[in-house]
Amino acid sequence: MPERPDVSTLGRTDSWEGVRAVVAGFGTSGAAAVDNLLHLGASVHAVAESVNPKHLERAELLEVLGARIEVHEGATATLPDETDLLVVSPGFRPDAPIITAARERGVPVWGEVELAWRLRDPENPAPWLCVTGTNGKTTTVQMLDSILRAAGLRSVAAGNVGLPLTEAVMDPEPYDVIAVELSSFQLHYTASMSAESAVVLNIAEDHLDWYTGPTGMDDYARDKGRIYENVQRACVYNVADPATEELVRDADVMEGARAIGFTLGTPAAGMLGVVEDILVDRAFIEERATSAAELCTLDDLASRAPHFVANALAAAALARAHGISRSAVRDGLRAFRPDGHRIAVVAEHDGLTWVDDSKATNPHAAASSLVAFEPVVWVAGGLAKGAAFDDLVRSVGGRLRAAVLIGRDRQVIADALSRHAPDVPVIEVDTPETGAVGELDLMRRVVAAAAEAAQPGDTVLLAPGCASMDQFTDYAARGDAFAAAVQDHVRG
């Protein structure tokens, strides 16, 4: 058997000829990995259980370019015999058979993020400003990208949102800086990354169907903390979430890297925070021991919701660590508008405000929405992914006018309400037929139930605290159906 190539030494300017790479999964990141490995000269075999229809055309093109693409049930169950490198998509658990086989045979296992880090231009590598956390990652990365662009830099949001990282680093026109969103799954398969600066926004229960067993939460937090390893300038943490600061303490960082906190209260020296409706910097100014510098006001932001303000502070901290001016921070935050289904007001009618936060797919995210409104008719439910709702209900039960529950795991929420907020009326809406008509029909019944339970001055808030795939195509389809049903209701 020929000696296996040492892929650990290979980068963007090396020849990958003779490297036999297997890419497991053919989603957005998997397709990007196949494309760029082919470009480098590797022999590529992609395996997947299924392919999203939007990726079929790209699969056909990559086959023409020389990739072998195998899509069928069981395609990822075994590792091909002659494999020098396995690149896995984020959804593969560490105990997946193909990964277990690679470990046993000494085959390196990388994620697309690890591959991208190794493929940066050695002469002009764009620094990475990295964001992870249970909630708020996409908003924070998009805020950061807006700030960087306001400063005149060629920036892009990449990773778990926007452009795949391999495509970002291989772009013929180099970026000045990359705003990188990373999930815990992506970080699990990343080892050599050295972000210029990084933040863990928060740590809360999520993905406990992936991180199973008694150490599941510890394993989840540990993967989040990998973002701080080898950080060069700033490890940004959430003062309100001590677990994030602990991850900073545990990280092995580059000499000179600083720990920078952000808080919704008055900041201490070395932090960013809020003073009398003004976002201020006491970390990146010379006179930080005695004063603070204004970044922007709460009125400059698209929302005053506490979690939205926290995301803005985190984005500002990463930008300031990169040397961005205070005026560019202000201009970038003023220009930013969140994507749909994030605390979006869809209607105000007959004294009721209807808000779509379908992106709140776990209890921590739902709690962040709920504390921004009062009183609330709460629309919740779906796939709980192993999470519990007791802490959420204990913290926000006093704000609830009623709860309208949907989805497979709605009983988990109903039980938490029964234990900790027994006076809150609970309305359960049964599952309709599947499909687009069924989705809208379900939400029409949800909206009718919520309208009946609400009183003038209330907010009806879709903040499900759960994933959507038991009843909807995705969280966006859930939010769209809610918004459409609300508009139908408003029109009478």
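The model is a predicted one, in which local features need pLDDT of at least 70 and side-chain atom pairs count only at pLDDT 80 or more, while totals for chains, interfaces and linings use all residues. Residues are numbered from 1 along each chain as its sequence is written, and side-chain values use heavy atoms, with hydrogens and water left out.

The secondary structure comprises 16 helices and 20 strands, taken as DSSP runs numbered from the N terminus (helices, H or I, at least four residues; strands, E, at least two). The C-alpha trace spans about 75 × 60 × 40 Å along its principal axes. Of the 492 residues, 56% are buried, that is, under 20% relative accessible area with a 1.4 Å probe and protein chains only. Among contacts (heavy atoms within 4.5 Å) between residues at least 6 apart in sequence, 66% join residues at least 24 apart.

Turning to the helix pair, α5 (residues 137–150) packs against α10 (residues 306–321) at an angle of about 45°, and their axes lie 8 Å apart. These axes are lines fitted to C-alpha atoms over the stretch in contact, with angles running from 0 to 180 degrees between N-to-C directions. From α5, the residues Thr139, Thr140, Met143, Leu144 and Ile147 make the contact; α10 contributes Phe308, Asn311, Ala312, Ala314, Ala315, Ala316, Leu318 and Ala319. By class, this contact of α5 with α10 holds 10 nonpolar, 3 polar and no charged residues, where Ala, Val, Leu, Ile, Met, Phe, Trp, Tyr, Cys and Pro count as nonpolar, Asp, Glu, Lys and Arg as charged, and the others, Gly among them, as polar.

Conventions. Buried means under 20% relative accessible area, exposed over 50%, partly exposed in between (1.4 Å probe, protein chains only).
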